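Hi everyone, thanks for making the time. I'd like to walk you through a structure I've been looking at, and please stop me whenever you want.

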Amino acid sequence: MPHGSLPLPAKLCLLTWDTPGGEAMAAAHVVRAGALTELVLRGLLADDDGIATPVDMDSLAGDAVLDGLLELVRESRPHRWRTWVTLHARVTFDAAREQLTAEGCLRAEKKRVLGVFPSVEHVLDDTALVEALREEARRILRERLPEVSGRQAAFAALAAAANPPALFPDGGRGRHEERVEELIALSGARVVLSELCAALSTPGRALT
């Protein structure tokens with residue numbers, strides 16, 4: 001499917017997929033950050049003095065991943081953006097994975113653990129799409145493209161903050177710090193995206 005049509009959580013889920021091993025890396029936090037950013041860009045979440053705040057109690061995104069997170073934010077006590085990057089992040093990651101499976105980007109394969117317990121392994125089915133996403137992120141980070149949209153800027157900034165090994169195989173993330181700041185400013189969600197990128201860059205994040 002055209003990668004330009006994918007919402008941010010789906011793009012970031014694929015971007016951080018470990019292609020050689022066929023398994024997801026610890027990507028739940030960047031997928032959650034992508035979902036939060038997407039909701040801000042769609043006008044469904046807003047910043048209220050550092051707190052992630054629903055704009056209203058009725059509007060929906062029309063996307064299962066985003067609407068699931070929006071419902072969670074509405075039903076929970078107020079939290080800061082950095083808290084939402086990790087709080088029950090696996091729920092958003094699993095929803096994005098199922099969405100990508102339904103779209104044919106991933107394939108669910110049944111297996112048995114220890115030959116007894118049934119389990120499902122999700123395998124990447126569209127390696128070309130993943131490489132296209134990685135190249136898009138690298139290109140936005142390398143070049144001052146005048147036509148970069150707010151959503152593209154947010155995608156590349158979050159990708160750089162997550163720092164997946166396949167995106168920077170030469171360890172070159174540090175070369176792009178100034179560009180990331182430019183992209184955050186271009187995103188249309190500067191305050192929120194700054195918080196989310198800072199949260200993703202913090203060492204020792206654990207999946208919750």
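Predicted model: local features only at pLDDT ≥ 70, side-chain atom pairs only at ≥ 80, totals over all residues.

The protein has nine helices and six strands. Of its 208 residues, 45% are buried. If you take the contacts with a separation of 6 or more, 65% of them are between residues 24 or more positions apart.

Now let's go to helix H2, which runs over residues 28-41. How much of H2 is covered? Mostly covered is the answer, with 13 of its 14 residues buried. From the first C-alpha to the last, H2 reaches 20 Å, close to the 20 Å expected at 1.5 Å a residue. Just after H2 comes Gly43, with a positive phi of about 80°.

So what does H2 pack against? I'll show you two partners, H3 and H9.

Let's take H9 to begin with, residues 190-200. The axes of H2 and H9 are 10 Å apart, and the two pack at an angle of about 180°. Because of that angle, H2 is roughly antiparallel to H9. On the H2 side, the residues in this contact are His29, Val30, Ala33, Leu36, Thr37 and Val40. They meet Val192, Leu193, Leu196 and Leu200 in H9. Sorted by class, that contact has eight nonpolar residues, two polar ones and no charged ones.

An α-helix has 3.6 residues a turn, so residues three or four places apart point the same way.

The other partner is H3, residues 64-75. Here the axes come within 10 Å and cross at roughly 85°. From H2, the residues involved are Arg32, Ala35, Leu36, Glu38 and Leu39, and from H3 they are Leu66, Leu69, Leu70 and Leu72. The class count for this contact is seven nonpolar, no polar and two charged residues.

Which of the residues in H3 are buried? They are Val65, Leu66, Asp67, Leu69, Leu70, Val73 and Arg74. The elements covering those buried residues include H1, H2, S3, S4, H4 and H5.

That brings in the two strands, S3 and S4. S3 covers residues 45-48, S4 covers residues 51-54, and they pair in the antiparallel sense over four bridges. Within that pairing, Ala46 stands opposite Thr53 in S4. The hairpin has two residues between the strands, and Asp49 is found in that loop. The phi of Asp49 is near 55°, a positive value in a residue other than glycine. Is Asp49 buried or exposed? It counts as exposed, because its relative accessibility is 64% and the cut-off for exposed is over 50%.

Asn163 also has a positive phi without being a glycine, near 60° in this case. You'll find Asn163 in the loop between H7 and H8. At 37% relative accessibility, Asn163 counts as partly exposed.

Two more residues before I stop. Let's return to Val192 in H9. Val192 is buried, with a relative accessible area of 5%. Apart from neighbours within four places in sequence, it is in contact with Val40, Asp47 and Trp81. Val192 and Arg82 are 110 residues apart in sequence, yet 9.3 Å apart in space, C-alpha to C-alpha.

The last one is Arg138, in helix H6, which spans residues 127-142. Is Arg138 buried or exposed? Arg138 counts as buried, because its relative accessible area is 16% and buried means under 20%. Setting aside neighbours within four places in sequence, its contacts are Glu131, Ala166 and Leu167.

That's my tour, and I'm happy to go back to any part of it on the screen.

Methods:
Residues numbered from 1 in each chain as written. Heavy atoms only, no water. Pairing = 2+ DSSP bridges. Expected span 1.5 Å × (residues − 1). Buried < 20%, exposed > 50% of the residue type's maximum accessible area, 1.4 Å probe, protein only. Contact = heavy atoms within 4.5 Å. Axes fitted to C-alpha atoms, helices over the stretch in contact; angles between N-to-C directions. Nonpolar A, V, L, I, M, F, W, Y, C, P; charged D, E, K, R; others polar. Parallel < 35°, antiparallel > 145°, perpendicular 65-115°, else oblique.
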